[in-house]
Amino acid sequence: MAIGLAVKGETERYNGRMTTFVILSCMMAAMGGVLFGYDIGISGGVTSMEPFLRKFFPEVYTKVKEDSKISNYCKFDSQLLTAFTSSLYIAGLIATFFASSVTRAFGRRPSMLAGGAAFLGGAALGGAALNVYMLIFGRILLGVGVGFANQSVPLYLSEMAPPQYRGGIDAGFHVFISIGVLSANLINFGTEKIKGDWGWRISLMMAAVPASILTLGAILLPETPNSLITQNNDHKKAMAMLQKIRGTTNVQAEFDDLINASVVSKTVDHPFRKIVERKYRPQLVMAIAIPFFQQVTGINVVSFYAPLLFRAIGLGESASLMSVVVIGLVGTIASIMTMMIVDRLGRRVMFMVGGILMFISQLMVGGILAVKLGDHCGLSTCYAYLVLVLICIYIVGFGWSWGPVGWLVPSEIFQLEIRSIGQSIVVAVGFLFIFIIAQTFLSMLCHFKSGIFFFFGGWVAVMTVFIYFLLPETKNIPIEQMNRVWMEHWFWKRFVGEGNKERKLDVAVVMGSSL
């Protein structure tokens, strides 16, 4: 049985190199990843700060400080506290479908601009919050910003990148997410020492910095050639842009593929109806399965609640925040390594190696907590730091697999006619399960206790098997030729064979009618 196939030969048809123009454009666009990462890191940190808890969540503060009878696993169990964290993601889920329409109708840049502007408003409102309702409304605005950014930025990166470097460029989005998490952790570690309310306010308001950069960048960035062809039918301008980003005038083969993809795209009036057709079944399955699996790795549990988790197992407030800084640094380094090697080793290898590391480390953390951490006593310092080391190993596994590669693969597998709605489904499914997990995790921790790590470890085993059997290799395949990997896959070829003939017929009919 041919489990995974790599299609070779097409990249040689395309000319071009990695240009400084592409690198700078993609770095600016990838600031959308910093927005997402900063929010993930900052929310977990401020919810462990005592002035923040005392002002907005006094019941939780009382349980942490005064209730010695409550279980270590249940101290932070509050639906209002989790609503603060998870409200962003339900807003992002809804916003991403509006972003799909904007991206399809007006291009990638307007969606990035809307995302940056909404995030700016949310940062200002959160930093100035006087009550919990103002705080949560600010989170909703942040969610709108992240929804627009996460929908448009990965598409922008995939379309700007040369095929042979697309994996590294797209993995850069997760590198910037990791940089956002690390920045938030460092800021939290510093602001925790500020007396009164100014510490958490500064942490929340500093989100305006990456939002400002993305907003300004969206004004200055060029539009992708794919978008120029689709939106304006301006072939001369699109050709000039393609030549500029590839650093050569010999781009006719790639340009012809963009034209053909655009022709098919313009025959589609209802993208959602299109993507549920049988010939797009593999893309639809991946659009749902990959973001679902990405969330049930347990990564956002670690990201959101790591400070609370470390406090629960016996570390102090400052030590907890410092531990999260270490985790953020490890995650950033792992993501940079992936950016450098994913186009050489391939997507499947990264998924498999990372999955094994995550599975083993989660089982070991769960085992230590089950044996050594009771309901009312903390871990010894030695075991607390051993848990920290194991979580760092888990973060390395995620940084090699479901972090960057979980964003990369969905951004490169869709044909142009379903690309915008496909990415919206990816983001929406991700937000839906982030919301569910964020809203339920503290209750799950209270009831499952150490079993929570076995729960997520089991899901890691399932997703690793899924990748082994059902995901074909996509490295070095031009984005407008990606349908070929499904046609040559042992399982998916039964769905896409006839659909590919129909797609070629669509191109021929439309091209013929235009002559």
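**Close-up views of a helical chain**

**View 1. Arg166, Asp343, Arg347 and Glu412 form a network of salt bridges.** The model is predicted. Asp343 and Arg347 are both buried. Side chains of opposite charge can pair when their charged atoms come close. Across the whole structure, the search finds 10 salt bridges.

**View 2. A salt bridge joins Arg108 and Glu159.** The N to O distance is 2.6 Å. Arg108 lies in helix H6 and Glu159 in helix H7. The two residues are 51 apart in the chain, and the pair links distant parts of it. Arg108 counts as buried because its relative accessibility, 4%, is under 20%. Glu159 is also buried, at 4% relative accessibility.

**View 3. Lys279 pairs with Glu277 in a salt bridge.** Their closest N and O atoms are 4.0 Å apart. Lys279 is buried, with a relative accessible area of 9%. Glu277 is partly exposed, at 30% relative accessibility.

**View 4. Helix H10 covers residues 208-220.** Its 13 residues should span 18 Å at 1.5 Å a residue. The end C-alpha atoms are 18 Å apart, in agreement with that expectation. Pro210, Ala211, Leu214, Thr215, Gly217 and Ala218 are buried in H10. Seen down the helix axis, these buried residues fall within an arc of 165 degrees, so they line one face of H10. Leu216, Ile219 and Leu220 are exposed, on the face turned away from the buried side.

**View 5. Several helices cover the buried residues of H10.** The cover includes helix H1 (20-29) and helix H2 (31-46). It also includes helix H6 (108-127) and helix H7 (132-160). H6 and H7 hold Arg108 and Glu159, respectively.

**View 6. Cys26 and Cys392 are buried cysteines.** The relative accessible area of Cys26 is 5%. For Cys392 the value is 11%. The chain has zero disulfides by the sulfur distance rule.

View 7. Of its 515 residues, 61% count as buried. Among contacts between residues at least 6 apart in sequence, 83% join residues at least 24 apart. The chain exposes about 18,800 Å². Carbon and sulfur atoms supply 68% of that area.

Key:
Residues are numbered from 1 along each chain as its sequence is written. This is a predicted model: local features need pLDDT of at least 70, side-chain atom pairs count only at pLDDT 80 or more; totals for chains, interfaces and linings use all residues. Side-chain values use heavy atoms; hydrogens and water are left out. Buried means under 20% relative accessible area, exposed over 50%, partly exposed in between (1.4 Å probe, protein chains only). Contact means heavy atoms within 4.5 Å. Accessible areas come from the Shrake-Rupley method with a 1.4 Å probe; for residues, only the protein chains shown count as cover. A disulfide is a pair of cysteine sulfur atoms within 2.5 Å. Helices (H or I, at least four residues) and strands (E, at least two) are DSSP runs, numbered from the N terminus. The expected span of a helix is 1.5 Å times one less than its number of residues. The arc is that of the directions from the helix axis to the C-beta atoms. A salt bridge is a side-chain nitrogen of Lys or Arg within 4 Å of a carboxyl oxygen of Asp or Glu.
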